[in-house]
Amino acid sequence: LDCFRATAPATADAIARDFVASLLPALPDVAVNAVEVYRLERATADTHFSAEDMVLCRMPSWPLDMAALEELHVQLDDLRAEHEDLLVQFGRTKEALVVLSEQGQSGPAGPAEP
């Protein structure tokens, strides 16, 4: 997944700021201090790693990117909100049907006799 593309040449501080801005522009500058920037090199198939090594695995041929992932999250949030609305509508409809059923069992309501 590509999160963002930094413009080169850039310092680690500039890359960290761009990264934080790509996540949420409203994040305070102090969030930049929480970002660690690494220089990664592609490993060959026979590269050995120790238990302390940090690695990044990437699948560039997969057609999924951060924008698509964010869109999926937006759709999920929208569907959750729609689901909640439908549950409320269902509850109201159920209550109305219960009232109608009770009225039907008690007989038809006609005009009051004098």
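**View 1. Met54 in the loop between two helices.** In this predicted model, Met54 sits in the loop that links helix H1 (12-23) to helix H2 (66-105). Helices here are DSSP runs of H or I with at least four residues, strands are runs of E with at least two, and both are numbered from the N terminus. Met54 counts as exposed because its relative accessibility is 65%; exposed means over 50% relative accessible area, buried under 20%, and partly exposed in between (1.4 Å probe, protein chains only).

View 2. Areas come from the Shrake-Rupley method with a 1.4 Å probe, and for residues only the protein chains shown count as cover. A patch takes residues with over 30% relative accessible area and no salt bridge, joining like charges within 9 Å and nonpolar side chains (Val, Leu, Ile, Met, Phe, Trp, Tyr) within 5 Å.

View 3. The structure holds one salt bridge, and you can find it between the side chains of Asp13 and Arg17 (3.0 Å, N to O). The term means a side-chain nitrogen of Lys or Arg within 4 Å of a carboxyl oxygen of Asp or Glu. Both Asp13 and Arg17 belong to helix H1, four residues apart, or about one turn of the helix. Asp13 is partly exposed because its relative accessibility is 40%, and Arg17 is partly exposed because its relative accessible area is 38%.

**View 4. A patch of negative charge.** Glu71, Asp77, Asp78, Glu82, Glu84 and Asp85 gather on the surface in a patch of negative charge. Lys and Arg count as positive, Asp and Glu as negative, while His and the chain ends are not counted; each charge is placed at NZ of Lys, CZ of Arg, CG of Asp or CD of Glu.

**Reading the views.** Residues are numbered from 1 along each chain as its sequence is written, and side-chain values use heavy atoms, leaving out hydrogens and water. Local features need pLDDT of at least 70 and side-chain atom pairs count only at pLDDT 80 or more, while totals for chains, interfaces and linings use all residues.
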